[in-house]
Amino acid sequence: MTGGAEDQLMRALHDDHAGALWSYALHLTGGDRTRAEDVVQETLLRAWRHPQVLDQSQGSARAWLFTVARRIAIDGWRAAAFRSEVTTDTPPELSISDGTERAVQGWLVAEALNELSARHREVLILCFFQGASVADAAARLGIAEGTVKSRTHYALRALRLVLEEKGVTQ
């Protein structure tokens with residue numbers, strides 16, 4: 001087949017099947033227009049590379065195009081699943097955690113704890129930083145469990161106020 005005859009057959013193939021192929025590709029890609037365009041373009045490129053398709057009857061040429069489009073879409077899904085690629089208009093802002101923010105927060109909390117009364121500080125350290133239960137804290141401090149709960153409540157309120165004074169907000 002000569003280049004001119006092949007070009008004419010390719011144009012005819014496009015004119016006869018591009019609309020249906022586009023609709024099918026759009027369906028295959030779940031409405032992703034960009035991906036559907038890629039599928040159609042790759043399908044037509046493969047048809048151009050396989051000129052024997054161009055000489056087929058209209059029905060079998062369409063079936064071949066749809067089969068190729070389906071395989072291209074499946075290959076794309078497999079590749080995307082492997083890459084876990086997410087397409088977006090704007091790149092996400094990446095926060096790189098180097099531990100600085102956590103260290104600063106730790107220093108602020110330590111400073112705030114030092115400003116609490118000894119009783120409030122000791123109950124918070126036991127219950128929150130050392131993981132003691134209310135019963136364990138009560139036994140260690142030699143006070144009633146209800147007192148531990150009450151001190152913890154008021155200590156947290158006082159800690160929140162001290163942190164707010166230092167500019168720390170929730």
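Biologist: Which residues form a nonpolar patch on the surface?
Modeller: F128, F129 and L156 do, with about 310 Å² of accessible area together. Patch residues have over 30% relative accessible area and no salt bridge; nonpolar side chains (Val, Leu, Ile, Met, Phe, Trp, Tyr) are joined within 5 Å, and like charges within 9 Å. Areas come from the Shrake-Rupley method with a 1.4 Å probe, and for residues only the protein chains shown count as cover.

Biologist: What kind of model is this?
Modeller: This is a predicted model, where local features need pLDDT of at least 70, side-chain atom pairs count only at pLDDT 80 or more, and totals for chains, interfaces and linings use all residues. Residues are numbered from 1 along each chain as its sequence is written, and side-chain values use heavy atoms, with hydrogens and water left out.

Biologist: How many helices and strands in the chain?
Modeller: There are 8 helices and 0 strands. Both are DSSP runs, numbered from the N terminus: helices are H or I with at least four residues, strands E with at least two.

Biologist: And what percentage of the chain is buried?
Modeller: Buried residues make up 25% of the 170 residues. Buried means under 20% relative accessible area, exposed over 50%, and partly exposed in between (1.4 Å probe, protein chains only).

Biologist: Which residues of α6 are buried?
Modeller: V123, L124, L126 and C127. They fall within an arc of 170° seen down the axis, so they line one face of α6. The arc is that of the directions from the helix axis to the C-beta atoms.

Biologist: What does E122 form a salt bridge with?
Modeller: With R151, the closest N and O atoms being 3.9 Å apart. The pair links distant parts of the chain: E122 is in α6 and R151 in α8 (residues 145-165), 29 residues apart. A salt bridge needs a side-chain nitrogen of Lys or Arg within 4 Å of a carboxyl oxygen of Asp or Glu.

Biologist: Is R151 buried or exposed?
Modeller: R151 is buried, at 16% relative accessibility. E122 is partly exposed, at 32%.

Biologist: How many salt bridges does the count come to?
Modeller: The count is 2. R46 also forms one with E42, with closest N and O atoms 2.9 Å apart. R46 and E42 are 4 residues apart in helix α2, so about one helical turn separates them.

Biologist: Which residues of α2 are buried?
Modeller: A36, V39, V40, T43, L44 and A47. They cover an arc of only 125° around the axis, so they are on the same side of α2. On the other side, T34, Q41 and R49 are exposed.

Biologist: New topic. How many aromatic pairs?
Modeller: The count is 1. Y24 and F66 are stacked, 4.5 Å centre to centre with 10° between the planes. Y24 lies in α1 (residues 3-28) and F66 in α4 (residues 58-83), so the pair ties together parts 42 residues apart in sequence. Rings of Phe, Tyr and Trp (its six-membered ring) pair if their centres lie within 6.5 Å; planes under 30 degrees apart count as stacked, over 60 as edge-to-face and the rest as tilted.

Biologist: What is the relative accessibility of Y24?
Modeller: Y24 has 22%, so it counts as partly exposed. F66 is partly exposed too, with a relative accessible area of 21%.
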